[in-house]
Amino acid sequence: MQVRSISLSLITGAAWLAVVLPALQGQAYRAPRATDGHADLSGIWEALNAANWDLEDHSPQAGPMWQTGAIGAEPAGQGVVEGGAIPYLPAAVEEKKINFANRRTNDPEAKCYMPGIPRANYMPYPFQIVQSPRGILFVYEYASANRFVNMGKPVEPVSDTWMGTNNGRWEGDTLVVDVAGFNGLAWFDRAGHFASDKLHVIERFTRTDRDHLQYEAIIEDPSVFSRPWKMSMPLYRRVERNAQLLEFKCVEFAEELLYGQYKKK
């Protein structure tokens with residue numbers, strides 16, 4: 001009788017799980033709340049993919065300098081572009097090829113210039129989101145870059161900049177950031193993908209569970225692309241006990257590249 005009782009308990013427990021687990025799994029995740037009642041996106045986040053090498057699918061290949069051997073080689077990566085390929089206009093395809101051929105010296109990352117949007121979000125460095133009702137601050141480890149997302153009345157760009165003018169709004173628990181006013185100098189990755197100063201980016205940040213954000217960006221630039229296109233990827237929360245942004249002020253590492261040609265011989 002005791003064995004039978006245990007068996008009945010196991011069967012009852014399994015039946016309960018069969019009913020409850022699907023119901024729990026079907027419930028949408030509800031992010032913790034910030035002081036203003038909106039989803040709390042604060043924390044230190046980082047992309048774990050090869051998008052900074054190339055947004056599209058790519059095989060491993062040698063880097064731009066053979067002297068660095070495998071250290072500077074490009075790893076294989078799965079693309080983050082919806083549909084696979086970026087829809088360039090014919091003339092822009094040629095410009096992208098020129099960028100790739102000259103990436104060692106012309107990539108803004110090599111020169112420690114500001115990364116631009118969306119690239120800042122998937123470089124191989126963490127970034128921090130600091131949230132308040134009036135605005136949301138994004139602070140990036142790379143080059144000490146940052147941007148402020150205005151959550152009040154939308155403002156027009158006063159001047160063109162690397163990081164653009166950022167206006168935010170909430171759609172449910174999703175932070176939507178409308179970014180315009182770019183200077184057209186940033187690249188999207190080390191492969192030379194690019195846009196002009198007509199670039200318009202609409203980003204979406206959604207907290208899908210405790211340690212993940214889903215990031216999406218719609219890219220528009222009629223002077224470079226035949227239609228708008230979208231990229232998406234997860235962002236991972238840094239969970240180390242002492243997780244923090246460290247300084248990577250890279251200007252001094254780029255001085256020889258930028259100014260070495262002007263040295264007296």
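At 0% relative accessibility, Phe205 counts as buried. My cut-offs: buried is under 20% relative accessible area, exposed is over 50%, and partly exposed is in between, with a 1.4 Å probe and protein chains only.

The model is predicted, so I kept local features to pLDDT of at least 70 and side-chain atom pairs to pLDDT 80 or more, while totals for chains, interfaces and linings use all residues. Residues are numbered from 1 along each chain as its sequence is written, and side-chain values use heavy atoms, with hydrogens and water left out.

**Entry: ring pairs**

I counted aromatic pairs next. The structure holds 15 of them. I paired rings of Phe, Tyr and Trp (its six-membered ring) if their centres lie within 6.5 Å; planes under 30 degrees apart are stacked, over 60 edge-to-face, and the rest tilted.

Phe138 and Phe205 form a tilted pair, 5.2 Å centre to centre with 50 degrees between the planes. Which parts does this pair tie together? Phe138 lies in strand β3 (residues 135-140) and Phe205 in strand β7 (residues 200-209), so the pair joins parts that are 67 residues apart in sequence. Phe138 is buried, with a relative accessible area of 0%.

I then turned to Phe188 and Phe225. Their pair is stacked: 6.5 Å centre to centre, 20 degrees between the planes. Phe188 lies in the loop between β6 (174-180) and β7, and Phe225 in the loop between β8 (212-220) and β9 (229-237), so this pair ties together parts that are 37 residues apart in sequence. Phe188 is buried at 2% relative accessible area. Phe225 counts as buried at 3%.

**Entry: charges over rings**

I called a charge over a ring if NZ of Lys or CZ of Arg is within 6 Å of the ring centre and within 35 degrees of the ring normal. Arg147 lies over the face of Phe138, 4.4 Å from the ring centre. Arg190 lies over the face of Trp53, at 4.4 Å from the ring centre.

**Entry: the barrel**

How many strands form the closed barrel? I found nine, running β1-β2-β3-β4-β5-β6-β7-β8-β9, with mixed pairing. The twist averages 30 degrees from one strand to the next. I took axes as lines fitted to C-alpha atoms, with angles from 0 to 180 degrees between N-to-C directions.

Strands here are DSSP runs (E, at least two residues), numbered from the N terminus. Two strands pair if DSSP finds at least two bridges between them. I checked β1 (residues 43-46) against β2 (residues 127-131): they run antiparallel, joined by three bridges. Trp45 has Phe127 as its bridge partner in β2.

Terms used:
Helices (H or I, at least four residues) and strands (E, at least two) are DSSP runs, numbered from the N terminus.
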